[in-house]
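Dear colleague,

Please find below the structure that I am handing over to you. My findings follow directly after it.

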Amino acid sequence: MAIPMTQDPGRGHVDLYGNVFEVPTFTMKQIHDAIPAHCFRPSIARSMGYVVRDYVLLGSLAWGVYVCTPLLPSLYLRGVVYGLYTVAAGMVMTGIWILAHECGHGAFSRSKTLNNAVGFLLHSSLLVPYYSWKISHSRHHKATGNLQRDTVYVPHSREYWTRTAMGSDVDPHSIGAAELTEDVPLVTLWHCLLFQLFGWPLYMLDNLSGQKGASGFPQHSHYWFGADSALYTESQLHSIFLSDIGVLMMSVVLFYAVRLFDLWTVCVFYGIPYLWLNQWIVTITYLQHTDGTLPHFAHSQWSFARGAAATIDRSFTLGGFDVDKHLFHGIVGTHVLHHLVSTVPFYHAYEATDAVKRVMGKHYRADQTTPLMTALFRNLRDCQFVEESSGMDGSGVYMFRNLHGRGMRPRNLVAGESMSSWEGHLPPPSKEASRDWRHLVAWIW
């Protein structure tokens, strides 16, 4: 049975939720002119102040928990305190990661030397190869939303997603019983877990989530400085080597920390918070570029302004505490501005965002109401692949879709069709696909 159209023919570009999408028309000159001049000026004192603040906060948390928790009489209470520490420390470490990210964009200070020195130290302390990440991340910013050139979270086509997830013998334009599992919350939660555990390390190790066919260790690894590297030019290999040296030095520090204390202590005070850091970076980055309202473009239709606008601002609060503003340095709530002008320091980003919103108008996207983890669950389930809207073949504008019709408004179905009629027409995944861990992880991307 053929899948019904996900939108009415002749309506132009339509997003996942049935809303008409219009290609942005504003210019980058309008964006730059709208931002107050002082927003482009970083302060070394202010930037360094945040570095000191974050490390003092992290050190104070660790010292307080290390000294006081063993005094608690209850094993249960000690476990709760250690668990809460790992969550809080992971958030502070995420903030430190974002400060290094500022350095990579030149938003930390006007000194390239200071930016690279601070960024190298901060990222190395978090086992991130600074220069390797900086180079690949710069390419992402220069090609955001470009289906042929973007380097991060490049979405699948319908055919690629179906073939990878279900097997090569599956018709991408039909639905079967196995697809129904995508609507089971426990299955989506399992995909979320895989996403959090494997997303960041697999991206760094073999460029998973980049361009199709541009993955595989070691040539596509952010750590590989061999002459056959597929990600870096020969002139950049020295920087990749330095990045690896930084990660290696931090690994040595951790080794001696285990010798000085013990493995359990290092795992609690660094290892588990490090896993929390990784999952926050994966979650934040994914949600900045994945939403049912966001477009992607063929290279012929792409422009920097269009790609930068193909991002979305969100919020992240816990119990009324604004985690994004106070610990994540606004990376969740000001990411649209960050892609438009990445040299604006984060402490000016809210003001600059208000300025660019007036220029962008309806092209500015934000979701300030959906909880962050709810958005992750929903988008992993619903944003499976991209394709052109019905009647817009060859337009070069692609919107997110999914096989099972989640998120799509009933009025957009073909007359006489219902959501229930989509069910029960796709063969189960092949045994070969089920056995291959890369196929399993591909369900995430």
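This is a predicted model: local features need pLDDT of at least 70, side-chain atom pairs count only at pLDDT 80 or more; totals for chains, interfaces and linings use all residues.

For background, an α-helix has 3.6 residues a turn, so residues three or four places apart point the same way.

Thr86 is part of helix α3, residues 75-105. Because its relative accessibility is 7%, and buried means under 20%, Thr86 counts as buried. The side chain of Thr86 reaches the backbone oxygen of Gly83 at a distance of 2.6 Å.

How much of helix α14 is buried? This helix spans residues 372-382, and nine of its 11 residues are buried, so α14 is largely enclosed by the rest of the structure. The buried residues of α14 are Leu372, Ala375, Leu376, Phe377, Arg378, Asn379, Leu380, Arg381 and Asp382.

I turn next to the sheet. Three strands form an open sheet in the order β1-β7-β6, and their pairing is antiparallel. The edge strands are β1 (295-297) and β6 (385-388), each of which pairs on one side only. On average, neighbouring strands of this sheet are turned by 45° against each other, direction ignored. In general, strands of a sheet pair through backbone hydrogen bonds, either parallel or antiparallel.

The two pairings may be followed strand by strand. Strand β7 comprises residues 397-401, and three bridges join this strand to β1 in an antiparallel arrangement. Within that region, His296 stands opposite Tyr398 of β7. Strands β6 and β7 are also antiparallel, and their pairing extends over four bridges. Here Glu387 stands opposite Met399 of β7.

Which way do the residues of β6 point, and are they buried or exposed? Phe385 and Glu387 point one way from the strand, whereas Val386 and Glu388 point the other way. All four of these residues are buried.

With kind regards

Definitions and conventions. Residues are numbered from 1 along each chain as its sequence is written. Side-chain values use heavy atoms; hydrogens and water are left out. Two strands pair if DSSP finds at least two bridges between them. Axes are lines fitted to C-alpha atoms, for helices over the stretch in contact, and angles run from 0 to 180 degrees between N-to-C directions. Buried means under 20% relative accessible area, exposed over 50%, partly exposed in between (1.4 Å probe, protein chains only). A polar contact is a pair of N or O atoms within 3.5 Å; within protein, one must be able to donate a hydrogen and the other to accept it, and residues adjacent in sequence count only if both atoms are side-chain atoms.
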